[in-house]
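Subject: Structure for you to look at

Hello,

I am handing over the structure we spoke about, and I would be glad if you could read through it with the notes that follow.

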Amino acid sequence: MMAFIAANLAPIMFASLVVFLLFGYPVAFGLAACGIFYALVGIEVGALPPSLFQALPLRIFYIMGNDTLLAIPFFTFMGLILERSGMAEDLLETIGQIFGPVRGGLAYAVIFVGAMLAATTGVVAASVISMGLISLPIMLRYGYDRRVASGVIAASGTLAQIIPPSLVLIVLADQLGKSVGDMYKGAFIPGFTLTAFYAGYVLILTLWKPQWAPALPPEARSIREPDGSSGLKSLVVLLAISVAASIALAKFLPEGPFDEMLVESMFFGVLVAFVLAVVNKLLKLNLLSHVAERVTFVLIPPLALIFLVLGTIFLGIATPTEGGAMGASGALIMALIRKRLTWSLLKQGMDTTAKLSCFVLFILLGSTTFNLVFQGVDGSRWVEHLLIGLPGGQLGFLIVVNLLVFVLAFFLDFFELAFIVVPLVGPVADKLGIDLIWFGVLLGVNMQTSFMHPPFGFALFYLRSVAAMDPYNDRVTGKTIDPVTTGQIYWGAVPFVIIQVLMVGLIIAFPGLVSGGLVKEKEINLDKFRIEVPQQPKQENTGPNLNGFKTAPGASDAPATAPAGATPGSAPAPSGAPPATEDKPRDPMQSILDAVKKDAEQKK
């Protein structure tokens with residue numbers, strides 16, 4: 001029995017961990033307890049040395065000294081301050097008025113604002129709760145289907161998981177041993193592609209069932225000009241000027257990485273629009289409509305914060321940790337300018353940030369304890385043999401891993417998946433030749449379904465906590481509004497889970513969706529590589545030569561007899577080398593170049 005346990009300790013550990021999690025025991029303590037218990041069992045059966053526990057303090061100190069993880073409290077604090085300072089409310093109200101005349105306009109506004117909040121906050125709970133409190137009553141007021149309204153709000157809030165600066169991307173980069181900046185660049189295109197898919201679903205829905213997502217009635221469109229017009233023409237002109245300025249700058253910029261060019265040109269276009277709006281307001285030129293001014297002054301601050309955080313990271317000016325610190329400072333400045341920075345706001349933000357950061361840290365400590373023991377009993381080799389032996393090679397491995405993550409997402413949230421599953425499958429993916437940045441983004445999109453899975457999706461719980469559970473009287477129309485049931489929230493989430501699964505398939509089928517945002521490494525053509533060794537001029541030597549004897553002035557150090565074709569003072573040709581001639585002297589670095597080229601060909 002002891003021999004069986006010693007030989008199969010890795011699968012027994014993994015099965016025991018699953019049982020711990022199914023019983024609902026706290027994940028952080030379940031991981032640590034499972035690791036310590038089986039470490040003692042392994043020592044008892046002779047599978048582990050007692051000195052294994054000496055490595056545990058070193059791992060814990062490494063986690064506490066990891067600068068990358070500092071980005072988590074910074075981005076969390078930034079998102080909470082922005083959410084509580086009313087930025088989301090202003091964005092939803094303004095964008096809702098712009099899209100209001102269009103069928104499904106409020107749904108488009110929620111998706112757009114969800115992407116904006118994702119790029120500024122990176123916190124799913126803050127996005128879902130704020131949009132649920134603000135948008136859901138308005139959508140129900142004007143006749144939106146409850147499944148559509150709840151599904152759009154929950155799905156748009158989960159964009160904060162894949163659009164940088166996402167917290168899960170920071171954790172994935174840390175677990176895979178890759179750069180957070182590269183992970184952000186890789187997730188940039190998939191994140192906004194997923195946003196476009198959400199908008200496409202709403203478009204198809206409005207064409208198929210227009211009564212499920214009606215346009216706002218004229219009396220609900222509050223932002224109008226004194227003459228009663230909408231003022232959208234002025235906004236379109238300002239947008240065209242901004243886009244033209246961005247394109248003009250992009251043409252004059254020197255050729256470089258696409259993401260850097262995109263960030264610089266977009267920032268310039270936004271800056272031009274903001275300057276024009278400020279000049280128009282200060283000089284009272286009345287060239288812009290009220291809606292154009294309002295959109296500019298509501299959208300520019302969060303866009304500036306996005307550049308401050310992501311722009312500096314993409315341009316290589318700041319690390320993700322430094323970008324998070326600048327974002328937190330920028331959020332405080334924005335709240336101060338809006339005159340909403342209070343002691344109560346600071347206290348709430350710091351309290352929630354501390355709780356979430358401790359939550360992440362304790363799970364990481366527990367997973368480190370479990371992984372230390374799991375690696376000690378050759379668990380990584382067991383997982384490797386289990387996954388590498390799958391039929392289909394890389395594709396078979398990707399299908400099985402994504403199915404595993406999708407199923408586990410019913411019961412675990414993304415932090416738990418990142419700390420439990422990723423350390424096990426990451427090394428296997430690396431051995432199979434899969435790019436870990438691409439693999440991390442793929443898992444990030446898959447883990448996003450953990451927020452939307454009925455019945456355990458956290459985004460659904462967040463929305464359930466703010467959605468009305470009893471009939472209530474609407475404060476604008478005075479009508480009685482029926483509540484939103486839990487079943488309606490669950491059914492509303494199903495189409496968006498399907499969209500997320502389709503996005504996983506697209507990333508596997510078209511890897512360029514991720515790699516297109518990364519900087520391509522320049523290949524070095526070794527055939528054009530040349531090394532020149534400067535020839536030392538022949539000088540008279542009166543000092544000791546290499547043999548320790550003095551030579552007379554003018555005497556040569558060449559041997560008395562030299563090979564044919566050799567020059568005085570030259571080194572003899574190595575054995576097997578072609579003889580040097582006066583027309584073609586032998587290059588002394590040729591052997592080095594040959595070795596480098598041979599090594600490069602072997603790596604290919």
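In which helix does T193 lie? T193 belongs to helix 11, which covers residues 180-208. Please keep in mind while reading that this is a predicted model. A polar atom of the T193 side chain is found 2.7 Å from the backbone oxygen of I189. Once the neighbours within four places in sequence are set aside, T193 is in contact with M503 and L513.

S150 has its place in helix 9, residues 146-157, and a polar atom of its side chain lies 2.8 Å from the backbone oxygen of R146. S150 counts as buried because its relative accessibility is 1%, and the cut-off for that word is under 20%. Leaving aside neighbours within four places in sequence, S150 is in contact with L463, Q488, I489 and G492.

Helix 18 (residues 393-408) and helix 23 (residues 486-509) pack with their axes 12 Å apart, at an angle of about 160 degrees. Since angles over 145 degrees count as roughly antiparallel, helix 18 and helix 23 are therefore roughly antiparallel to each other, and helix 18 passes helix 23 in a right-handed crossing. Helix 18 brings L395, L398, N402 and F406 to this contact, while helix 23 brings V497, V501, V504 and I508. Sorted by class, the contact of helix 18 with helix 23 has seven nonpolar residues, one polar residue and no charged ones.

How do the axes of helix 7 and helix 14 cross, and within what distance do they come? The axes of helix 7 (residues 105-120) and helix 14 (residues 290-314) cross at roughly 40 degrees and come within 9 Å, and the two helices are therefore oblique to each other. Their crossing is left-handed. On the side of helix 7 the contact is made by F112, M116, A119 and T120, and on the side of helix 14 by L299, P302, L303, I306 and L310. The residues of this contact between helix 7 and helix 14 divide into eight nonpolar, one polar and no charged.

Finally, a few values describe the chain as a whole. The chain has 25 helices and two strands, and of its 604 residues 45% count as buried. Among contacts in the chain with a separation of 6 or more, 75% are between residues 24 or more positions apart.

Technical notes: Residues are numbered from 1 along each chain as its sequence is written. This is a predicted model: local features need pLDDT of at least 70, side-chain atom pairs count only at pLDDT 80 or more; totals for chains, interfaces and linings use all residues. Side-chain values use heavy atoms; hydrogens and water are left out. Axes are lines fitted to C-alpha atoms, for helices over the stretch in contact, and angles run from 0 to 180 degrees between N-to-C directions. Helices (H or I, at least four residues) and strands (E, at least two) are DSSP runs, numbered from the N terminus. Angles under 35 degrees count as roughly parallel, over 145 as roughly antiparallel, 65 to 115 as roughly perpendicular and the rest as oblique. A crossing is left-handed if the near helix is turned anticlockwise from the far one by less than a right angle, and right-handed if clockwise. Contact means heavy atoms within 4.5 Å. Ala, Val, Leu, Ile, Met, Phe, Trp, Tyr, Cys and Pro count as nonpolar, Asp, Glu, Lys and Arg as charged, and the others, Gly among them, as polar. A polar contact is a pair of N or O atoms within 3.5 Å; within protein, one must be able to donate a hydrogen and the other to accept it, and residues adjacent in sequence count only if both atoms are side-chain atoms. Buried means under 20% relative accessible area, exposed over 50%, partly exposed in between (1.4 Å probe, protein chains only).
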